[in-house]
Every structure is written in structure tokens, then in C-alpha cells.
Amino acid sequence: FHEVGGLKVDMKIINGVPYVGMVNLHDIHFKYLGSNVADVENDGILIYRTSTISNVAVDNFPGHGIHLEGNVHDVNVNYGNVSLSKISDSVVVYSGKSGVYIRGKDAQVMVIQGVSSFYNGRRMLQEDGFGFYDESMLGNTYLACHTRNNLRAGYRAAKYMGIAPNHSLYINCYSEHSYNPVDIYMEEGRSLLDNDAMVISSLAD
């Protein structure tokens with residue numbers, strides 16, 4: 001692993017049209033070494049375009065560990081399209097917010113595979129602190145992912161803007177909790193999924 005700080009990749013606008021070039025991140029350890037943990041907007045990886053992320057470790061950032069967001073036509077928020085992205089074989093730990101956060105109208109048809117997300121939610125925020133927090137418009141596929149000891153829950157699938165259905169699919173995913181008395185505020189072993197999400201052969205311990 002090569003250890004570096006946080007990364008932000010914006011969507012480029014060329015002649016008024018979003019440029020959807022691919023971002024590829026492999027074999028990198030992103031570690032936050034700053035002292036201002038109150039800076040909850042400081043994400044480990046923040047990307048607004050389709051990406052492939054593999055064999056990456058994201059450690060100790062005060063915001064989200066990995067944050068992908070896509071809203072191509074909404075001028076009031078960040079431009080971008082992260083649909084068709086893939087995150088695989090990676091670890092996200094000790095984030096201030098959620099480990100992996102996906103949001104937007106153009107943030108679906110992604111595959112998140114073999115990713116472990118644990119001990120996230122250090123900022124103790126009321127509406128955050130999940131292993132995987134999906135707030136996409138249509139949903140994504142989670143395959144053989146793992147969570148442990150996150151503040152709120154292992155997995156969260158929420159309707160985008162409280163309206164659009166989130167049809168995220170969770171296949172052979174695992175969510176475990178700790179019996180350590182120090183971690184009694186954690187709510188692992190359960191997930192918060194809206195009715196549109198689907199779970200196949202997954203386990204909560």
C-alpha cells in the first residue's frame with residue numbers, strides 16, 4: 001500500500017456537458033493524519049464520476065470513508081455521474097460518519113463486492129454512522145460485504161430525497177456486532193432497509 005491523504009475527484013464540465021471519464025484507484029492506503037476530527041466534511045475518498053476502486057484501505061477520516069455522489073443535471077449540487085462504479089476487496093474503518101456512502105439520482109447500477117466496513121460513526125451523529133449507507137435513486141448491488149461495530153447499523157438503504165424507491169440488493173452479506181460492554185451504544189446485527197430493498201441469503205450475528 002502507498003499511504004496518502006484524502007482524495008477528491010470532481011466531474012469535469014466540457015462545453016456544458018459532463019465528462020464521464022473513468023477513475024481507477026487500486027492498492028492505496030488512505031489514512032487521515034490530521035487532528036481536526038470535528039471536520040465531518042473531510043471524506044477519505046470523494047468522487048463524482050464513474051470509478052473502479054479495488055484493494056483500497058480507508059482509515060480514520062472524520063467524514064465518510066468512501067463517498068460517491070452523482071447528480072448530472074442538478075445545478076444546485078455537485079455535478080457528476082457515478083453509476084456503473086465498482087468497489088471491491090477493500091476495507092473502510094474508523095470513519096467519523098459512514099464507511100461507504102452512496103447518494104444521488106445518478107448513483108446506481110453499482111457493484112460493491114467483498115468490502116469490509118467497521119468501527120464507523122465516531123462523530124456520534126444522530127442520522128449517520130452506518131457501515132454502508134445507500135441513498136441512491138434506484139439502488140445498487142452489495143455482494144459478500146461485511147460490517148462490524150458501526151454506530152447505527154451495518155447497512156442502510158434509504159429513499160433518495162425521501163421519495164424515489166431504492167431497490168438495492170444485498171446478497172450473502174454479513175453483519176456482526178461486538179459484545180464488548182464499551183460498545184453497548186452500537187446497534188450492529190441489524191440493518192435499516194426501506195421496503196424497496198431486497199436481501200438474499202445474508203446473515204446478521
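Predicted model: local features only at pLDDT ≥ 70, side-chain atom pairs only at ≥ 80, totals over all residues.

Student: Which cysteine has the sulfur nearest to that of C145?
Tutor: C145 is in no disulfide. A disulfide would need the two sulfur atoms within 2.5 Å. The nearest cysteine sulfur is 4.7 Å away, and it belongs to C173.

Student: Is C145 buried or exposed, and what about C173?
Tutor: The cut-off for buried is under 20% relative accessible area. C145 is at 2%, so it counts as buried. C173 is at 3%, so its label is also buried.

Student: Now the rings. How many aromatic pairs are there?
Tutor: Ring centres must lie within 6.5 Å to pair. By this rule the count is nine.

Student: How many residues apart are Y94 and Y119?
Tutor: Y94 sits in the loop between β10 and β11. Y119 sits in the loop between β13 and β14. The pair links distant parts of the chain, with a separation of 25 residues.

Student: What accessibility class do Y94 and Y119 fall in?
Tutor: The middle class lies between the 20% and 50% cut-offs. Y94 has 37% relative accessibility and Y119 has 24%. Both therefore count as partly exposed.

Student: Why is the pair of F132 and Y155 given its class?
Tutor: The ring centres are 5.4 Å apart. The planes meet at 5°, so the pair is stacked.

Student: Which strands hold F132 and Y155?
Tutor: The two residues are 23 apart in the chain. F132 is in β14, and Y155 is in β17.

Student: Are F132 and Y155 buried or exposed?
Tutor: F132 has 0% relative accessibility. Y155 has 4%. Both count as buried.

Student: Which residues make up the cluster linked by ring pairs?
Tutor: F132 and Y155 belong to it.

Student: On to the strands. How many bridges join β5 to β7?
Tutor: β5 covers residues 23–31 and runs parallel to β7. V23 stands opposite S51 in β7. The bridge count for β5 and β7 is eight.

Student: How many residues of β7 are buried?
Tutor: β7 spans residues 51–59 and is mostly covered. Of its nine residues, the buried count is seven.

Student: Which residue does the side chain of S116 make a polar contact with?
Tutor: S116 lies in β13 and is buried at 15% relative accessible area. It touches S90, V91, V92 and H146, leaving out residues up to four places away. The polar contact joins side chains at 2.7 Å, and the partner is H146.

Student: Where does pLDDT stay under 50?
Tutor: The chain mean is 79, and 72% of residues reach 70 or more. Low-pLDDT coordinates should not be read in detail. The stretches under 50 include residues 10–19 and residues 178–189.

Note on methods. Residues numbered from 1 in each chain as written. Heavy atoms only, no water. Buried < 20%, exposed > 50% of the residue type's maximum accessible area, 1.4 Å probe, protein only. Helix = DSSP H or I, 4+ residues; strand = E, 2+ residues; numbered from the N terminus. Pairing = 2+ DSSP bridges. Polar contact = N/O pair within 3.5 Å; in protein donor to acceptor, adjacent residues only side chain to side chain. Contact = heavy atoms within 4.5 Å. pLDDT = per-residue confidence, 0-100. Phe/Tyr/Trp six-rings, centres within 6.5 Å; stacked < 30°, edge-to-face > 60°.
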